[in-house]
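Me: I have a structure open and would like to talk it through with you. Could you keep to what can be read from the coordinates?

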Amino acid sequence: MNVVLIFLALIGGVVIWWLAGQRLMSKPWLETGTAPPATDRQELPSEPAVKIGLFVFLGVVGALFSLSVSAYFMRMASADWWATPVPRLLWANTAVLVLSSGALEWAKREARHDRMESLPLALAAAFSLAVLFLIGQIQAWRELVSAGYVLADNPANSFFYMLTGLHGLHILGGLVVLGRTTVRVFAADVPRDRLRLSVDLSAIYSHFMLAVWLLLFVLFAGWANDFIDLCRQLIS
Amino acid sequence: MVEIPSGSAGAVPAAEVEDVELYHPKSWWTKYVFSQDAKIIAVQYSLTAISIGLVALVLSWLMRLQLAFPGYFAFIDANHYYQFITMHGMIMVIYLLTALFLGGFGNYLIPLMLGARDMVFPYANMLSYWIYLLAVLILVAGFFVPGGPTGAGWTLYPPQAVLSGTPGGSDWGILLMLFSLIVFIIGFTMGGLNYVVTVLQGRARGMTLMRMPLTVWGIFTATVMALLAFPALFVACVMMLFDRLLGTSFFMPAIVEMGEQLQHGGGSPILFQHLFWFFGHPEVYIVALPAFGIVSDLISTHARKNIFGYRMMVWAIVVIGALSFIVWAHHMYVSGMNPAFGFFFATTTLIIAVPTAIKVYNWVLTLWRGDIHLTLPMLFALAFIVTFVNGGLTGLFLGNVVVDVPLSDTLFVVAHFHMVMGVAPILVIFGAIYHWYPKVTGRMLDDFLGHIHFWITFLGTYAIFFPMHYLGLLGMPRRYHELGDTVFVPPSANTLNVFITVMALVVGAAQIVFLFNLVWSLFKGRQAGGNPWRATTLEWQTPQTPPAHGNWGRDLPVVYRWAYDYSVPGSAEDFIPQTQPPSGGLTREVVA
């Protein structure tokens, strides 16, 4: 459960940082009758609610994956664990996902500078690259299965399929939203700032899922093992 | 002396917020059924939760009947008994308490108490309810499938949960339970995002965090915890579904079932326990923190006195929320864990008692020399405090490894967590319903019926759970369908069991009075007016009662003070609403 505790510590850090700006030391009972300060945050909402909502949601997704990874490490310690080989295709898939994220970053910058002409191209590229990633993942599954690494044979396989599956589902969910945004670009009547926000949110989500994928990839490739061993020794 | 300047002209204009795209219902269906109005969603959540809670109540009756009169009721065989236990526990903890506190009270109170028009994502909020309803239906479907619902115990420990020896283990029961939980978590996440972001972004002008009522603090912190803890249950459910349906071995060790070697091997049941309790312990506080918050508001309002140590109360809520994530393994002392871990978790568990005790002291000190009105909400709040203290004290015993190990499998544990997590939050729920029902419906609940309900429930639950501690100390095991002839259980213990069962039947029946009151008062109750309790918080200052769609007429309220200005010296009334601007442009002097 160390991974999830580290994740929680991160979340806790964010919470403390946020609470630190909330005048927790104030004495509200002494402020009786004071008018709200003129610089109240409410007048200038710094971020739109959807964006905050997305960050909170990413916190939930982060908890989900760090818990799964915690379970991965705990199960790994048992004797019947043989690492699953990483299909070479995963390298290509990773590159595709990076490109997809890159395309969205490009779209975000274009939208920020009000250059709407190139937006459809960027979004369409990001969308199709993400679809390509999913197809690639399914292809990787098929390769593994045909090489005899089936789901129930070994816990490493089970985790590989489950974690890639969970990640794929999240990409799929992101695709639904990205698809809507792409369609909106073509519709004439959508206000620009709404569009900009949609692109912005899609980019954030995509970067986050890319980061999750990179961590999972490191996990599957076994590069994290030495580090984990080190941690184990430190704890014991 | 601290000088606090007030606004030069006193009142300030309402914040210039851009027009919120408020959802406008177009037909009867979208107004009352597929509504996106948080108030309607709150009522839907509450009614669904109460309905499914009644099912769990009946299940507890059946269990008690079996324990008191073993063998007398032929249809309660061992399998049914375990199914009743499982469904009772799961329904009460998740589908009733969590859903009612966060989905019910959260939806109703967060926007109203913060001066918002609605939740920030009304559509997701509506989906949240319907997905919750779906989860409840999937759960209930368990009663109607071959093999019945799962009888794995509410903790669903593998490997027994998915083996054929357990009711529903190799049938539909366990599958429906796992699916239902997964669906519930998805639905809750949608609602939870709403509650959190509304608190972050939807507050009225002047409503700083430190001016929020403690109810909102409790619900807010609990929601954040739930958003982080429920994924653990989600992962555990998904992995168990894999084990059960696809033959993986996440949790399943090599095992022989009915003389047949199963294909599983090497899995770790302890892994499931870690995941489950990583969710399960915060879950206790997900239920308790909203209760803490609500009780603080009830006590302050009905004792006409500001809450003692508001800052401390807020900090305690946050600290309890944080600590509750590092105590989960105290549910696993008997799992054979490393004693060093046991020591660690016992320590963290006992540390939680500190902020919790701070809260209890502050409630008592709020009552001290207050103008206590023994209204129904106040009675329930007082009953909560004593019940929570009683239940919490036995928690201190059980938090210690050496005490827990012999008591772990006895009725002592059952008594402990029913006091602290069953009865105590339920008392708050009742108190809160008596308190806010006038706002929801515009009418008061009947006082006489309410008193009958209160006294039977309060004294009755004590009659049930106090003797149970004693039975536990005698060594009477929990989870047993039938004891048979046991040397260490004297015949008098069985008499006590009969007594407990009779009281359980009485307390359960008393809830009919409550339900009748809910319906009867809806039509015949005394008109309440906008602010029957003379309370300060925003939900009592709405232009209409019940609040109309959009809550606040044309302008959003502006908040000038904290939520607890009761009996302020020198003021004409004994309460000053949060919306009341300071009197004139004078600079007030306050003794620091």
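Reply: Gladly, and one definition is needed before we start: two residues are in contact if their C-beta atoms, placed from the backbone, lie within 7 Å. Please also keep in mind that this is a predicted model.

Me: Switching to chain A as a whole, how many helices and strands has it?

Reply: Chain A has 7 helices and 0 strands, and its C-alpha atoms fill a box of roughly 70 × 50 × 25 Å when taken along the principal axes. Of the 236 residues in chain A, 34% are buried, and among its contacts between residues at least 6 apart in sequence, 82% join residues at least 24 apart.

Me: Let's look at helix 3 of chain A; what span should its 24 residues have?

Reply: Helix 3 (residues 89–112) of chain A should span 34 Å at 1.5 Å a residue, and its end C-alpha atoms are 35 Å apart, which agrees.

Me: Which of its residues are buried, and what covers them?

Reply: The buried residues of helix 3 of chain A include A:Val96, A:Leu97, A:Ala103 and A:Leu104, and A:Asn93 and A:Lys108 are also among them. What covers the buried residues of this helix includes helix 4 (119–146) and helix 6 (192–221) of chain A.

Me: What follows that helix?

Reply: Helix 3 of chain A is followed by A:Asp114, which has a positive phi, near 65°.

Me: Over to chain B, then: at what angle do helix 3 and helix 4 of chain B pack?

Reply: Helix 3 (residues 78–114) and helix 4 (residues 122–141) of chain B pack at about 170°, with their axes 12 Å apart. Since angles over 145 degrees count as roughly antiparallel, these two helices of chain B are therefore roughly antiparallel to each other.

Me: Which residues make the contact?

Reply: Helix 3 of chain B contributes B:Tyr95, B:Ala99 and B:Gly103, while helix 4 of chain B contributes B:Tyr129, B:Tyr132, B:Val136 and B:Leu139. By class, this contact has 6 nonpolar, 1 polar and no charged residues.

Terms used
Residues numbered from 1 in each chain as written. Chains lettered and ligands numbered in written order. Predicted model: local features only at pLDDT ≥ 70, side-chain atom pairs only at ≥ 80, totals over all residues. Axes fitted to C-alpha atoms, helices over the stretch in contact; angles between N-to-C directions. Helix = DSSP H or I, 4+ residues; strand = E, 2+ residues; numbered from the N terminus. Parallel < 35°, antiparallel > 145°, perpendicular 65-115°, else oblique. Nonpolar A, V, L, I, M, F, W, Y, C, P; charged D, E, K, R; others polar. Expected span 1.5 Å × (residues − 1). Buried ≥ 20, exposed ≤ 12 C-beta atoms within 10 Å, placed from the backbone.
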